[in-house]
There are 2 protein chains.
Amino acid sequence: MSDSLLQKCLARNIRMTSQRGTIIKVIEQSEDHPDVDLLYRRSVELDNTISIATVYRTMKLLEEAGVVERLEFGDGRARYEESGDHHEHLVDVETGEVIEFFDAELEEMKRAIAEKMGYDLVDHRLELFGRKKR
Amino acid sequence: MSDSLLQKCLARNIRMTSQRGTIIKVIEQSEDHPDVDLLYRRSVELDNTISIATVYRTMKLLEEAGVVERLEFGDGRARYEESGDHHEHLVDVETGEVIEFFDAELEEMKRAIAEKMGYDLVDHRLELFGRKKR
DNA sequence: CTAAATGCAAAACCTTTGCCTCAAA
DNA sequence: TTTGAGGCAAAGGTTTTGCATTTAG
């Protein structure tokens with residue numbers, strides 16, 4: 001089975017502090033796609049000495065370490081999720097709900113398209129915005 | 001053949017002013033994906049009375065009218081392009097160059113995926129980030 | 001011990017807005 | 001003439017940063 005976020009950070013020699021530990025725990029326990037402010041508020045519940053600057057600095061660190069992914073849904077602030085199996089996002093335009101999905105054929109197609117244009121795909125992002133049928 | 005951006009705006013009864021005319025001309029002549037500041041600087045060259053607030057207001061107006069598209073490449077500011085044939089973007093991670101492409105199969109796949117999840121696709125966004133092979 | 005991390009507040013960005021003036025229809 | 005648009009500057013929201021202090025290793 002796969003390592004916890006904390007283990008991944010330790011494996012990368014990220015210096016561990018109580019604040020980072022708290023933020024990492026918050027990320028691990030988040031099932032949604034929180035923005036920094038939400039991560040901050042959840043972290044403060046566990047350790048009321050944490051400042052939002054630390055949350056920003058930690059998220060940047062974790063992103064650069066490749067253990068979290070930064071998402072943008074077009075609302076002007078970054079949201080985060082733990083890195084893991086790659087998947088895409090479908091945003092329900094009426095409720096704001098974010099649904100994760102994965103489609104192997106789609107992944108391969110993206111790789112092939114970049115290939116055809118003479119590029120190695122290093123990253124990619126797909127967001128679908130949909131309205132629930134009824 | 002298709003209407004110019006100006007014609008599309010007039011057809012939608014967008015009140016025309018000299019500033020809007022200038023900004024529209026700048027968009028028409030832009031072959032890249034300018035952000036607001038760049039649009040502003042290009043507009044000022046043609047009419048030095050234009051303020052950046054007007055550029056922001058005009059881009060919002062044109063976006064809501066559906067005649068321009070707002071793009072986000074993850075650098076924290078909006079970029080724009082004239083609406084037209086739908087296409088995707090591949091960003092060269094080394095040069096920042098943005099290459100447009102279209103793939104009908106990919107489009108259909110996105111629609112089908114949303115469909116399968118019980119959604120009507122109302123919008124979608126795909127960006128590939130690649131490194132040129134050599 | 002020493003280098004790095006934190007807190008706090010200020011600053012830096014990008015974007016929006018209030019208000020008064022000006023211009024399009 | 002009337003309603004909407006523009007300019008300016010201030011304010012808003014998100015993210016970054018300088019600096020003094022604390023802490024991990």
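**View 1. Helix 5 of chain B against the sheet strands.** In this predicted model, helix 5 (residues 104-116) of chain B lies across strand 3, strand 4 and strand 5 of chain A together with strand 3, strand 4 and strand 5 of chain B, where contact means heavy atoms within 4.5 Å. This helix runs at about 135° to strand 5 of chain B, with axes fitted as lines to C-alpha atoms, for helices over the stretch in contact, and angles from 0 to 180 degrees between N-to-C directions. Helices (H or I, at least four residues) and strands (E, at least two) are DSSP runs, numbered from the N terminus.

View 2. Six strands form an open sheet of mixed pairing in the order 4(A)-3(A)-5(A)-5(B)-3(B)-4(B), two strands being paired if DSSP finds at least two bridges between them. Strand 4 (98-101) of chain A and strand 4 (98-101) of chain B are the edge strands, each pairing on one side only. The twist averages 25° from one strand to the next.

**View 3. Strands 3 and 4 of chain B.** Strand 3 (residues 88-92) of chain B and strand 4 of chain B run antiparallel and are joined by four bridges, and Val91(B) stands opposite Val98(B) in strand 4 of chain B.

**Notes.** Residues are numbered from 1 along each chain as its sequence is written, while chains are lettered from A and ligands numbered from 1 in the order in which they are written. Local features need pLDDT of at least 70 and side-chain atom pairs count only at pLDDT 80 or more, whereas totals for chains, interfaces and linings use all residues, and side-chain values use heavy atoms, with hydrogens and water left out.
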